[in-house]
Amino acid sequence: QGGEDGYFTDDRLTDLVYSIKSKYPDCAITLSVGEKSREAYQRYYDAGADRYLLRHETANTEHYRMLHPQEMSCENRKRCLWDLKEIGYQIGAGIMVGSPGQTIDHIIEDMEFMKELQPDMVGIGPFLSHHATPFANEASGTVDMTVRLLALTRLLLPEVLLPATTALGTLDPTGREKGILAGANVVMPNLSPENVRENYLLYDNKLCTGSEAADGLRLLDEMMKKIGYEISLDRGDRAGREVRVWH
């Protein structure tokens, strides 16, 4: 969503998805490569993609305009989400809590949109700035408001997959645990090699501890057990008391 490598054309992505699905037919393939045409989404789906994550960021047109380049639109973002849902994907939408210009009215509009959309996954994490963006000096979102919205989302969408984001852990060492206790049921570890992580930072000072690496899933499991939860490594198609790990 934030500037994919142009090397990955629709043809290459389609071939990649098909190759993975052919070798591992039981796995769930999740894509998150932003706004595309319905034709492109259909090609990915036909090749074997199961899920698509596309945070709507805000359901309010004016707020969307504040956050994005002029050539992008709230209407097209929503069109993409509805296209994905109609094609048959399990879809993920969501917002950044405390994003620049956000008001309580915007958040209410977001919740109403998500209730209408009925996504399979909702990504709600605090806004954190990046030094190379126009929002470099904007204040961060808060753990408290993020946790409150996670709890409200669990009530609004009881079966939804709801991550306790790395951004929560960046703001607060126990942020992800607080998210889980508020109703979140997914953790998403960073599996990329530590020596390349800085190339993919969406915000400054991102939590990149050893417990997020592939060889540290045991530590993540221990973290969840301390608060009374167990990690499940299945596809996570249904919500439950276990915490799902989405790779």
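**Exercise 1. Find which residues of helix α8 are buried.**

Solution. Begin with the range: α8 covers residues 175-182, where helices are DSSP runs of H or I with at least four residues and strands are runs of E with at least two, numbered from the N terminus. Next, apply the cut-offs: buried means under 20% relative accessible area, exposed over 50%, and partly exposed in between, with a 1.4 Å probe and protein chains only. The buried residues are G175, R176, E177, G179, I180 and A182. After α8 comes G183, with a positive phi near 135°.

The model is predicted: local features need pLDDT of at least 70, side-chain atom pairs count only at pLDDT 80 or more, and totals for chains, interfaces and linings use all residues. Residues are numbered from 1 along each chain as its sequence is written, and side-chain values use heavy atoms, leaving out hydrogens and water.

**Exercise 2. Work out how the buried residues of α1 are arranged and what they pack against.**

Solution. Helix α1 runs over residues 10-23. Its buried residues are L13, T14, V17 and K21. The buried residues pack against β1 (30-31) and α2 (38-47), contact meaning heavy atoms within 4.5 Å.

**Exercise 3. Classify the ring pair Y52 and Y89.**

Solution. Rings of Phe, Tyr and Trp (its six-membered ring) pair if their centres lie within 6.5 Å; planes under 30 degrees apart are stacked, over 60 edge-to-face, and the rest tilted. This rule gives four aromatic pairs. For Y52 and Y89 the centres are 5.9 Å apart and the planes stand at 80°, so the pair is edge-to-face. Y52 lies in strand β2 (residues 51-53) and Y89 in the loop between α4 (74-87) and β3 (90-97), 37 residues apart. Y52 counts as buried because its relative accessibility is 0%; Y89, at 4%, is buried as well. Together with Y41 and Y45, they form one aromatic cluster.

**Exercise 4. Decide where the confidence of the model is lowest and where it is highest.**

Solution. pLDDT is the predictor's confidence in each residue, from 0 to 100. The protein's mean is 88, and 84% of its residues reach 70 or more. Strand β7 (residues 243-245) is lowest, at a mean of 61, while α2 is highest, at 98. Where pLDDT is low, the predicted coordinates should not be read in detail.

Conventions:
Expected span 1.5 Å × (residues − 1). Arc of directions from axis to C-beta.
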